[in-house]
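Biologist: I'm new to this one and would like to get my bearings. Could you put it on the screen and let me ask some questions?

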Amino acid sequence: MYKILVMFMVFTVSSVSAMEKSGGHGSHNHESHNHSASESANGSDIAFPEKMFSEFISDLANVQIVIVDVNGMVCDFCARGIEKVLYTDDAVTKVRVSLELGKVLIAYVSSKKVDFEEIKNIFLSNGQNATGYIIKKI
Amino acid sequence: MGIYKHLIFAITLFMLSDLAESRPVSWAGGSTIMYRTNSMMSSYLFHYSPTYKYSIGAEYVNDKYFNNHFINLRSTYLLDRHNTKISQRNIYLTGGISTKTNQDFSYGIHGDWETRRIFSSFSVINKHTKEKNYTENEFQLGLAPYLGEYNDIHTWVMLKAKKNTINNDWEIYPFIKLFQGDYLIEVGSKNSHWDIHFIIRY
């Protein structure tokens, strides 16, 4: 049994090493969405898969999409609270979480004045850190 | 003053414990129901998290080893959390006290570090009972065989190592952790004893 434990630990450590070298997302190839009319802050990585974004906005109109970069969103349970808290805001019409990208898409009604400090506080109340964002009006 | 307030709060919670558990603190306003059974005990726990920093709750415990039943008041305090883009690390203080007698209480420390692929945790819990005082140590390592997206079924293949100072012998056994949405279940078996942990969060 101890041999199994040692083998498991070696495998775990080697996996961590490989993951950190690859930047934590494994190998994936994203098409970037063109946010030419977007507002961004804190160096947010605006690249977002076109297909995922298109699916998200397919049933939306007259909204503004905020794409938030999040630190610490490593599991479904971690993100669950974010979604629940966001939906308590009447101005939020749709939320989509991407664990792979560490991003959350939030659709706000167009009249909402988006305040990144408010968004940061929402994420912090769930124990995660919002590190950057972009806004795209559609 | 701020640091003293923080320290007093942590010590208070430290005095109110039990085994390490997955996600011992929820989001602000979140509630959790847990059921756990293993060779030593079975329990039902409800806890509420006023903030993501701590949870308070009550647990009905059937202590199989000492043939005892009681209710524990429990609390867990998130002492420190470090988030990165790919990982989260937590250190918790945890404590519990029996409503049956103030001679039964427990306190300890629990930490975890995880990415979407790897999970590791440890806990050291001191238990004081009328019959005996003892310490429970636990380590867990886990690997996700695939990376699930949000709302998928997430699977973890885990290895748990446990020792208490009553038997003074390490038990090492594999278990599986599955979760989807608000539900999580862990199932393992050691020497024909089931180790089951079920969580609903809302």
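Biologist: What share of the accessible surface of chain B belongs to carbon and sulfur atoms?
Modeller: Keep in mind that this is a predicted model, and that the values are computed from it. The accessible surface of chain B comes to about 8,900 Å². The share of it that belongs to carbon and sulfur atoms is 61%.

Biologist: And what is that share for chain A?
Modeller: For chain A, the accessible surface comes to about 6,800 Å². Carbon and sulfur atoms hold a share of 55%.

Biologist: How many helices and strands does chain B have?
Modeller: Follow chain B along its sequence and you get α-β-β-β-β-β-β-β-β-β-β-β-β. Of its 202 residues, 54% are buried. As for the elements, the count is 1 helix and 12 strands.

Biologist: How many helices and strands are in chain A, then?
Modeller: Starting from the N terminus, chain A runs α-β-α-β-α-β-β-α-β. Buried residues account for 51% of its 138 residues. The secondary structure comes to 4 helices and 5 strands.

Biologist: Which residues of helix H2 in chain A are buried, and which strands do they pack against?
Modeller: H2 covers residues 50-57 of chain A, and its buried residues are Met52(A), Phe53(A) and Phe56(A). They span an arc of only 95° around the axis, so they sit on the same side of H2(A). The strands of chain A that the buried residues of H2(A) pack against are S2, S3, S4 and S5.

Biologist: Which residues touch the most other members in the largest nonpolar core?
Modeller: In soluble globular proteins, nonpolar side chains tend to be buried together. Here the largest nonpolar core has 26 residues. The elements of chain A giving two or more residues to this core are S2, H3, S3, S4, H4 and S5. The residues that touch the most other members are Val68(A), Val104(A), Tyr108(A) and Phe123(A).

Biologist: What does Phe123(A) touch, leaving out residues up to four places away in sequence?
Modeller: Phe123(A) is among the residues that touch the most other members of the largest core. With residues up to four places away set aside, the list is Val68(A), Val70(A), Ile82(A), Val104(A), Ile106(A), Gln128(A) and Ala130(A).

Biologist: Which residues does the second core include?
Modeller: This core is separate and has 14 residues.

Biologist: What kind of aromatic pair do Phe119(B) and Trp156(B) form?
Modeller: Phe119(B) is in strand S7 and Trp156(B) in strand S9 of chain B, 37 residues apart. Relative accessibility is 7% for Phe119(B) and 4% for Trp156(B), and both count as buried. The centres are 6.4 Å apart with 70° between the planes, and the pair is edge-to-face.

Biologist: Which lysine has its charged end over the ring of Phe119(B)?
Modeller: There's a lysine over the face of Phe175(B) too: Lys160(B), at 4.9 Å from the ring centre. Over the ring of Phe119(B), at 4.1 Å from its centre, sits the charged end of Lys177(B).

Biologist: Is His69(B) buried or partly exposed?
Modeller: His69(B) is found in strand S4 of chain B. Leaving aside neighbours within four places in sequence, His69(B) contacts Tyr60(B), Val61(B), Asn62(B) and Lys100(B). The C-alpha atoms of His69(B) and Lys100(B) are 8.8 Å apart. At 40% relative accessibility, His69(B) counts as partly exposed.

Definitions and conventions: Residues numbered from 1 in each chain as written. Chains lettered and ligands numbered in written order. Predicted model: local features only at pLDDT ≥ 70, side-chain atom pairs only at ≥ 80, totals over all residues. Heavy atoms only, no water. Phe/Tyr/Trp six-rings, centres within 6.5 Å; stacked < 30°, edge-to-face > 60°. Buried < 20%, exposed > 50% of the residue type's maximum accessible area, 1.4 Å probe, protein only. Lys NZ or Arg CZ within 6 Å of the ring centre and 35° of its normal. Areas by Shrake-Rupley, 256 points an atom, 1.4 Å probe, with all protein chains shown as cover. Arc of directions from axis to C-beta. Contact = heavy atoms within 4.5 Å. Core = buried A, V, L, I, M, F, W, Y, C linked by side-chain atoms within 4.5 Å.
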